[in-house]
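Dear colleague,

Please find below the structure that I am handing over to you, together with its sequence. My findings follow directly after it.

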Amino acid sequence: KNIEQSEIRIYNRWGDVVYNSRDLSELNTSGWDGTYKGAMQQVGTFVYYITARDRNGKLLEKKGNLTLIR
């Protein structure tokens, strides 16, 4: 509730951004659908980076891996 701005980026193993959003409500409703340029991505590990700024201007960062399974 205290987040003013945010961005999430998901990268494939080659460093391509397969998902990017600055809309938090999108993450709660749809999010990344496992595609890139209209093509289903292979099962595997992807890297995510989340940056956000709270109402006090403090920068928050999270990063990690996610596994796409079908």
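In what order do the elements of the protein chain run from the N terminus on? The order is β-β-α-β-β-β-β, that is, one helix and six strands. Helices (H or I, at least four residues) and strands (E, at least two) are DSSP runs, numbered from the N terminus.

Please note that this is a predicted model, in which local features need pLDDT of at least 70 and side-chain atom pairs count only at pLDDT 80 or more, while totals for chains, interfaces and linings use all residues. Residues are numbered from 1 along each chain as its sequence is written, and side-chain values use heavy atoms, with hydrogens and water left out.

Overall dimensions and surface

The C-alpha trace of the protein chain spans about 40 × 20 × 20 Å along its principal axes. Its accessible surface comes to about 5400 Å², and carbon and sulfur atoms account for 47% of that area; accessible areas come from the Shrake-Rupley method with a 1.4 Å probe, and for residues only the protein chains shown count as cover. Of the 70 residues in the protein chain, 29% are buried. Here buried means under 20% relative accessible area, exposed means over 50%, and partly exposed lies in between (1.4 Å probe, protein chains only). Among contacts between residues at least 6 apart in sequence, 44% join residues at least 24 apart, where contact means heavy atoms within 4.5 Å.

The sheet

An open sheet is formed by four strands in the order E2-E1-E5-E6, with antiparallel pairing. Two strands pair if DSSP finds at least two bridges between them. Strand E2 (17-21) and strand E6 (59-68) are the edge strands, each pairing on one side only. On average, neighbouring strands of this sheet are turned by 15° against each other, direction ignored; the axes are lines fitted to C-alpha atoms, for helices over the stretch in contact, and angles run from 0 to 180 degrees between N-to-C directions.

Strand E1 (residues 3-11) is joined to E2 by four bridges, and the two run antiparallel. Within this pairing, isoleucine 8 has serine 21 in E2 as its bridge partner. E1 and E2 form a hairpin with five residues between them, and glycine 15 in the turn has a positive phi of about 85°.

Serine 6 is also located in strand E1, and serine 6 is buried at a relative accessible area of 14%. Leaving out residues up to four places away in sequence, serine 6 touches Ser21, Arg22, Leu24, Thr51 and Ala52.

Aromatic pairs

How many aromatic pairs does a search of the whole structure find? The search finds two. Rings of Phe, Tyr and Trp (its six-membered ring) pair if their centres lie within 6.5 Å; planes under 30 degrees apart count as stacked, over 60 as edge-to-face and the rest as tilted.

The rings of tyrosine 11 and tyrosine 49 have centres 5.7 Å apart and planes at 85°, so this pair is edge-to-face. Because tyrosine 11 lies in strand E1 and tyrosine 49 in strand E5 (residues 44-54), the pair ties together parts that are 38 residues apart in sequence. Tyrosine 11 is buried, with a relative accessible area of 19%, whereas tyrosine 49, at 33%, counts as partly exposed.

Tryptophan 32 and phenylalanine 46 form an edge-to-face pair as well, at 5.0 Å centre to centre and with 65° between the planes. Tryptophan 32 lies in the loop between helix H1 (24-29) and strand E3 (35-36) and phenylalanine 46 in strand E5, so this pair ties together parts that are 14 residues apart in sequence. Both tryptophan 32 and phenylalanine 46 are buried.

Polar contacts

A polar contact is a pair of N or O atoms within 3.5 Å; within protein, one must be able to donate a hydrogen and the other to accept it, and residues adjacent in sequence count only if both atoms are side-chain atoms.

Asparagine 12 is found in the loop between E1 and E2 and is buried, with a relative accessible area of 8%. A polar atom of its side chain lies 3.0 Å from the backbone nitrogen of tryptophan 14. Beyond four places in sequence, asparagine 12 touches Val18, Tyr36, Gln41 and Phe46.

Threonine 35 lies in strand E3 and counts as buried at 18% relative accessibility. The side chains of threonine 35 and aspartate 33 make a polar contact (2.6 Å). Apart from neighbours within four places in sequence, threonine 35 is in contact with Val18, Met40 and Gln41.

Yours sincerely
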